[in-house]
Amino acid sequence: MESSAHSTFNLRHTANVILYRAMAELRAEASRTYAGYLWWIFQPLLMFGVYYIAFNFVMANRTQNFAVFLFTGIVLWQWFSVSVLRCSGSLISTKQLMQQVNLHKTVFPCSIVLVNTVKFLVTLTILFAVLQIYGFHPGKAWLTLPILFALELVVILAFGCFAAMVSPFIPDFQHILTTILHLMFFVTGIIYDIAIMPDRLQRIFHFNPLAILIRETRAVLMYNQMPQWGDLIVPAGEAAIILSISFYFIHRFNKIYPKIG
Amino acid sequence: MTTKPIVQLDRIALGYRQQAGLPWKRSTYWAIEDISFDLRKGDTLGIIGRNGAGKSSLLRLISGIINPDRGTINRDPRTKTTLLSFGAGFEPRLTGRQNIILNGLQLGIPKEHIIAQIDSIIELADIGEFINQPVRAYSTGMRARLGFAIAYCVETDILLIDEALAAGDEHFRAKATKLIKEKIDSDLTVVIVSHSMNLIEKTCTRVIQVEHGRSLEELSPKKTIERYRNTTRSDEPTQRKLVTV
């Protein structure tokens with residue numbers, strides 16, 4: 001095979017490009033509105049405000065902490081869904097740039113995931129504050145949170161890269177993806193606890209990496225329960241497989257993407 | 001001059017697939033049909049041809065951004081090639097200063113290198129206070145100045161320039177031409193795509209004419225430019241075909 005052009009893949013440089021692209025995107029996004037960076041705080045706060053009103057006034061008397069339950073789920077879900085959706089267009093919208101500079105194409109989805117991870121971390125502080133106010137205080141199990149977040153990050157990266165890899169070849173995929181994500185929202189146990197499902201269905205849920213992750217993270221945050229590590233093996237395995245496949249193909253099609261899209 | 005070629009293009013062809021109504025029907029636009037030439041170390045090669053002749057695609061192929069569909073490109077794997085992009089990767093909402101780092105990194109310049117040279121880049125761009133303004137406030141000429149200044153500090157073996165000097169005012173163009181000439185006089189290998197026969201004539205040691213995605217026989221620079229002038233005079237539009245499969 002023709003040795004892949006010049007730039008021998010330099011990991012440190014690639015990391016710098018991802019990092020700086022993400023910083024640029026965050027800065028640019030903040031400069032788009034008057035309130036700028038404050039929106040990272042306002043947006044989740046307003047979101048919680050909506051749930052608070054909905055479940056304490058409009059549909060009162062449901063489980064006391066439903067607003068918190070929902071908010072926890074949504075925060076974890078949004079990190080995933082927004083990242084994946086944005087990733088799906090990452091090798092299409094950057095066509096012009098791809099035709100000018102010789103970048104490894106994994107840079108694009110990776111920097112998008114990084115952008116959304118930073119926003120997630122900001123949102124997390126709001127979530128922690130809400131949990132405090134509702135009396136869900138940190139306990140020993142909270143020490144496992146970095147592991148759970150890291151795992152979700154890998155899941156997001158896997159699905160994000162997969163979406164990025166496919167959509168330039170099938171432009172319609174972005175429309176399909178919206179539907180898939182919409183469906184996923186309802187089978188991931190965000191607005192309900194998957195534990196209430198019959199056993200037969202629960203077994204299927206075990207193949208949805210995000211469902212397991214959100215269930216476990218929520219158990220840690222709200223009930224200070226240690227994660228059931230055994231249940232996390234499947235999500236981790238799935239994410240690793242999807243991520244490897246996606247990286248492999250993006251690498252293989254590295255010089256095809258600038259031609260299409 | 002029998003130095004070993006650093007890039008060898010052998011009968012390359014490049015097609016862009018285009019959607020043709022139905023998903024299983026694809027048409028292919030052959031931007032390049034048959035191009036061959038050698039690029040030797042120290043060459044300053046001008047590529048001329050009418051709009052749509054395949055010049056920009058050719059630069060993308062030489063730079064290794066894309067691969068040809070047919071034919072081969074042989075390149076020494078240690079050769080570093082840079083396509084001079086004139087602010088293609090600029091993020092309009094970031095300042096010029098921030099864009100220098102972003103653009104530089106994307107061009108493959110190591111971060112320490114950019115930071116060490118940022119002052120000389122700003123000086124070369126010579127756009128005054130605008131350097132701390134978002135790039136979207138820039139005029140086309142200012143963008144070109146900044147883009148050129150960044151690309152100028154890339155350390156590379158082959159520099160590919162696409163109509164680069166088209167933007168910018170007379171003063172800047174003269175300055176940029178002079179700097180590029182300096183680079184040419186060193187050991188650098190340069191490929192220039194331009195419609196300015198004046199520039200090609202002044203700077204290039206070799207000239208290749210591309211018509212309808214095919215390279216014509218290589219003559220002396222002077223004769224090639226003459227032949228090109230004759231083809232453009234004939235005023236026949238560039239006719240390219242879409243092959244529907």
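This is a predicted model: local features need pLDDT of at least 70, side-chain atom pairs count only at pLDDT 80 or more; totals for chains, interfaces and linings use all residues.
**View 1. The contact between chain B and chain A.**
Chain B contributes 37 residues to this contact and chain A contributes 28 residues. About 2900 Å² is buried between the two chains, and carbon and sulfur atoms account for 54% of that area. On the chain B side, Ile65(B), Arg93(B) and Gln106(B) lose the most area to chain A, together 23% of what that side buries. Eight residue pairs are in polar contact between chain B and chain A, with both residues at pLDDT 80 or more. Elements of chain B that each supply at least two residues to the side touching chain A are β1 (5–20), β4 (70–75), β5 (81–84), α2 (96–106) and α3 (111–125). The largest share of that side, five residues, comes from α2(B).

**View 2. Salt bridges between the chains.**
Two salt bridges are counted between chain B and chain A. Arg12(A) pairs with Glu112(B), with the closest N and O atoms 2.9 Å apart. Lys259(A) and Asp69(B) also meet through their side chains in a salt bridge, at 3.1 Å from N to O. Because Lys259(A) is in the segment after α10 of chain A and Asp69(B) is in the loop between α1 (55–62) and β4 of chain B, this pair joins two chains. Lys259(A) counts as buried at 13% relative accessibility, while Asp69(B) is partly exposed at 42%.

**View 3. Salt bridges within the chains.**
Over all chains, the count comes to 13 salt bridges. One of them links the side chains of Glu25(A) and Arg86(A), at 3.7 Å from N to O. Glu25(A) is in helix α1 of chain A and Arg86(A) is in helix α3 of chain A, so the pair ties together parts that are 61 residues apart in sequence. Glu25(A) is partly exposed, with a relative accessible area of 22%, and Arg86(A) is partly exposed at 35%. Elsewhere in chain A, a network of salt bridges links Arg215(A), Glu216(A) and Asp231(A). In chain B, the side chains of Asp76(B) and Arg78(B) form a salt bridge of 3.2 Å, N to O. Asp76(B) counts as partly exposed at 26% relative accessibility, whereas Arg78(B) counts as exposed at 70%.

**View 4. A nonpolar surface patch on chain A.**
Leu38(A), Trp39(A), Ile41(A), Phe42(A), Leu45(A) and Leu46(A) make a nonpolar surface patch of about 530 Å². Leu38(A) is placed in the loop between α1 (11–30) and α2 (39–58) of chain A. With a relative accessible area of 48%, Leu38(A) is partly exposed.

**View 5. Phe66(A) and its contacts.**
Phe66(A) belongs to helix α3 (residues 66–88) of chain A. The residue is buried, with a relative accessible area of 8%. Leaving aside neighbours within four places in sequence, Phe66(A) is in contact with Phe55(A) and Ile191(A). The C-alpha atoms of Phe66(A) and Asn56(A) are 8.9 Å apart in space, and these residues are ten apart in sequence.

**View 6. Buried residues in strands of chain B.**
Chain B has seven helices and ten strands, and 50% of its 245 residues count as buried. Thr189(B) is in strand β7 (residues 189–193) and is buried, with a relative accessible area of 0%. Not counting residues up to four places away in sequence, Thr189(B) touches several residues, including Ile6(B), Leu39(B), Arg40(B), Asp157(B) and Ile158(B). Glu33(B) is found in strand β2 (residues 22–40) and counts as buried at 18% relative accessibility, because the cut-off for buried is under 20%. The side chains of Glu33(B) and Arg214(B) are joined by a polar contact of 3.1 Å.

**View 7. Loop residues with positive phi.**
Asn224(A), a residue other than glycine, has a positive phi near 55°. Asn224(A) lies in the loop between α9 (209–223) and α10 (233–252) of chain A and is partly exposed, with a relative accessible area of 33%. In chain B, Asp126(B) has a positive phi of about 55° although it is not a glycine. The loop between α3 and α4 (140–152) of chain B holds Asp126(B), and this residue counts as partly exposed at 43% relative accessibility.

Key
Residues are numbered from 1 along each chain as its sequence is written. Chains are lettered from A and ligands numbered from 1 in the order in which they are written. Side-chain values use heavy atoms; hydrogens and water are left out. Patches are made of residues with over 30% relative accessible area and no salt bridge: like charges are joined within 9 Å, nonpolar side chains (Val, Leu, Ile, Met, Phe, Trp, Tyr) within 5 Å. Accessible areas come from the Shrake-Rupley method with a 1.4 Å probe; for residues, only the protein chains shown count as cover. A salt bridge is a side-chain nitrogen of Lys or Arg within 4 Å of a carboxyl oxygen of Asp or Glu. Helices (H or I, at least four residues) and strands (E, at least two) are DSSP runs, numbered from the N terminus. Buried means under 20% relative accessible area, exposed over 50%, partly exposed in between (1.4 Å probe, protein chains only). Contact means heavy atoms within 4.5 Å. Buried area is the accessible area (1.4 Å probe) that two parts lose on being put together, summed over both. A polar contact is a pair of N or O atoms within 3.5 Å; within protein, one must be able to donate a hydrogen and the other to accept it, and residues adjacent in sequence count only if both atoms are side-chain atoms.
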